[in-house]
Amino acid sequence: MGWHYLKYDIVHVALAGMYVPVFVVSLVLFLRFLAKPQLTWQRLFHPVLMTGAAMRIAFFVLQALIRENQAGKFSNSANNIFNVFPSFLFFTAYLIVLWLWVDIYHKNPLTVCGLPVLQPLFWFLSSIMYVILTVLLVLVGVLSNDQDNIDSVAATDPTEKILMVYLAAAYLVTSLGYLIYGVAIYRRLSANTTTFDRTRWKIVRRVLVLTSLVVICFSLRAALVTADAFYGLSRRWWFDGVYFTVLEIAPLLLMMVILHVNRNPGQRDTDVEQYQHVVHQQRGYNQRSMLSSSSSYQTEPSLNS
């Protein structure tokens, strides 16, 4: 069997290998939190990551076989769906974290910067996003002009280009959501300097890092996915290696490190738990402050007495 596109093949097989750590780390963390029934979000977050990583491994091995005409008949539309579906699985993992931020933020009635309209808007946009994705995937499968033995995942049909542009739009909307709630959480946790302890500062720092990471990476992905839809950047042998390493593999690993960074014994296991605890502390502090102020007002001697 002769391999005529050696650079392309090496890059894509290497990418398949680079997703193995994503799968393994997510599996280890999933097993670690499996015995903790209170962490229900972990039971969805990590299986989504593992499924996406497993599909990416199979996808990139398949790309080398397709390029060398060793994969049999495999249509362009099927290959594009195989490429887009793991992207939305990883995208869902990011949304799970954002959902937690939205839920925790709006559960506290003593919000520093109340944005109540954003919560229902967030859920509405998330639901619409997945409905549109399902419709587009069906249209790609039904209406695309299939070409067998294609040599890349570049979009060759209008419906495939629409799907890629839609993916770019989803990245932009999600980056905006992270920016809004990342700033809101920062403002809430940094509003009361008298209770701004070390744990609170660590949480704020990680929220800022994760917010910056998602906003920058998703904005770049939106631009590159749109360019790929119209200019076929993925036909270049090096493009997938750079794109997926810098904008998908590295951010996923960093996100898991940020959310599950090593802590001392007795500390809460995730930033979500720590953030919930800090918000609860701040709620108690604010309530005590209001009661104290009210009591002082009631017991303060009148100037007319």
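Analyst: Start with the cluster: ring pairs join Tyr 19, Phe 59, Phe 60, Phe 82, Phe 90, Trp 238, Phe 239, Tyr 243 and Phe 244. A pair here means rings of Phe, Tyr or Trp (its six-membered ring) with centres within 6.5 Å; planes under 30 degrees apart are stacked, over 60 edge-to-face, and the rest tilted. Keep in mind that this is a predicted model, where local features need pLDDT of at least 70 and side-chain atom pairs count only at pLDDT 80 or more, while totals for chains, interfaces and linings use all residues. Numbering runs from 1 along each chain as its sequence is written, and side-chain values use heavy atoms, with hydrogens and water left out.

The structure holds 15 aromatic pairs. Take Phe 88 and Tyr 166: their ring centres are 6.3 Å apart and the planes sit at 15°, so this pair is stacked. Phe 88 is in helix α3 (residues 76–107) and Tyr 166 in helix α5, so the pair ties together parts 78 residues apart in sequence. (Helices are DSSP runs of H or I, at least four residues, numbered from the N terminus.) Phe 88 is buried, at 3% relative accessible area, and Tyr 166 counts as buried too, at 15%; buried means under 20%, with a 1.4 Å probe and protein chains only.

Next come Phe 91 and Tyr 171, with centres 5.8 Å apart and planes at 75°, so they are edge-to-face. This pair also runs from α3 to α5, so it ties together parts that are 80 residues apart in sequence. Both Phe 91 and Tyr 171 are buried.

Now the helix packing. Helix α5 (residues 158–189) and helix α6 (residues 198–231) have axes that come within 8 Å and cross at roughly 165°; axes are lines fitted to C-alpha atoms over the stretch in contact, and angles run from 0 to 180 degrees between N-to-C directions. That makes α5 roughly antiparallel to α6, a label for angles over 145 degrees, whereas under 35 is roughly parallel.

Over at helix α1 (residues 6–33) and helix α7 (residues 239–259), the angle is about 10° and the axes are 11 Å apart, which makes α1 roughly parallel to α7.

Note on methods. Helices (H or I, at least four residues) and strands (E, at least two) are DSSP runs, numbered from the N terminus. Angles under 35 degrees count as roughly parallel, over 145 as roughly antiparallel, 65 to 115 as roughly perpendicular and the rest as oblique. Buried means under 20% relative accessible area, exposed over 50%, partly exposed in between (1.4 Å probe, protein chains only).
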